[in-house]
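Please read them with the coordinates open.

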Amino acid sequence: MLDPAIYAHLLDAARAHPALRAALVQAGPIRIEPPAHPRVADRLFVEVVNQQLSTRAAGAIWARIEAAAAAADSSPRGLFEAGDADLLRACGISGNKVRALQAIVGAEAAGLLGPGLAGLPHPERAAILCGIRGVGPWTADMVGIFHFHDPDIWPAGDVAAVGCLRRLTGQADAGAVASAFAPYRSILARYLWRIKDGAPLPGDESARQAPAPRTRRLRGAAKSG
């Protein structure tokens, strides 16, 4: 569960924005799950495949990837390492994404995705990640937040987090609002995703209607993700 001191900091930073503070109170302390993947390359594979897809479409593609991996007595990682472009395209992965997956495999083989990344400040780590085809600032931010658990990343390119913060505060400059939550802006982003995806926003009746299928948070081309 979230450290009570961090939660108290978020609530204090939100005092100037009653709707945001009410949403944080409603959500309560959240659980920060451990990284879902053993290696950063595995997280990058997921982010690249899922870029610009709805949750439903991404799930369908991953089901085909897993089926193809099982048929080959392999794993999704094994398919990406083998780099059979025709097989990956048959799973629904675009040509650009196939090349991005191959670039991630190459970066890992070159030693760019080793354990040393964990000890780097996020800007330095992001610069390395963004040097890989198909990986942009948004993807680097997601890796920093969810794989490395960096506590103070504000994902400025994430339309869901930015839009939710603007909506709850009435402020256009979401980055300036988020700055008050340092050094825990990653935690703020986690709350904003939780609020947008699950909890109705205070006073917002429209949010109580059945939501449309949620799309990926990325905006722009794969390279900018």
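1. At 44% relative accessibility, Gln 52 counts as partly exposed, where buried means under 20% relative accessible area, exposed over 50%, and partly exposed in between, computed with a 1.4 Å probe on protein chains only. Gln 52 sits in the loop between H3 and helix H4 (55-71), helices (H or I, at least four residues) being DSSP runs numbered from the N terminus. Although Gln 52 is not a glycine, its phi is positive, at about 65 degrees.

2. On provenance, this is a predicted model, in which local features need pLDDT of at least 70 and side-chain atom pairs count only at pLDDT 80 or more, while totals for chains, interfaces and linings use all residues. Residues are numbered from 1 along each chain as its sequence is written, and side-chain values use heavy atoms, with hydrogens and water left out.

3. Another residue other than glycine with a positive phi is Asp 73, where the value is near 55 degrees. Asp 73 belongs to the loop between H4 and H5 and is exposed, with a relative accessible area of 73%.

4. The peptide bond that joins Ala 182 and Pro 183 is cis, with omega about 5 degrees. Pro 183 is found in the loop between helix H11 (174-179) and H12.

5. The structure holds 8 salt bridges, a salt bridge being a side-chain nitrogen of Lys or Arg within 4 Å of a carboxyl oxygen of Asp or Glu. One of them is formed by the side chains of Asp 12 and Arg 15, at 3.2 Å from N to O; Asp 12 is partly exposed, with a relative accessible area of 49%, whereas Arg 15, at 55%, counts as exposed.

6. Ala 41 has its place in helix H3 and is buried, with a relative accessible area of 0%. Leaving aside neighbours within four places in sequence, Ala 41 is in contact (heavy atoms within 4.5 Å) with Arg 77, Ile 104, Glu 108 and Leu 113. Ala 41 and Glu 108 are 67 residues apart in sequence but 6.8 Å apart in space, C-alpha to C-alpha.

7. A further salt bridge pairs the side chains of Arg 185 and Asp 152, at 2.9 Å from N to O. Arg 185 lies in helix H12 (residues 185-197) and Asp 152 in the loop between helix H9 (137-146) and helix H10 (159-169), so the pair ties together parts that are 33 residues apart in sequence. Arg 185 is partly exposed, with a relative accessible area of 23%, and Asp 152, at 23% relative accessibility, also counts as partly exposed.

8. In helix H1 (residues 4-13), the buried residues are Ile 6, Tyr 7, Leu 10, Leu 11 and Ala 13. Seen down the axis of H1, these buried residues fall within an arc of 165 degrees (taken from the directions from the helix axis to the C-beta atoms), so they line one face of the helix. On the other side of H1, Pro 4 and Ala 5 are exposed. The buried residues of H1 pack against helix H2 (18-27) and H12.

9. The axes of H2 and H10 come within 6 Å and cross at roughly 120 degrees, the axes being lines fitted to C-alpha atoms over the stretch in contact, with angles running from 0 to 180 degrees between N-to-C directions. Ala 19, Leu 20 and Ala 23 in H2 meet Leu 165, Leu 168 and Thr 169 in H10.

Technical notes. Helices (H or I, at least four residues) and strands (E, at least two) are DSSP runs, numbered from the N terminus.
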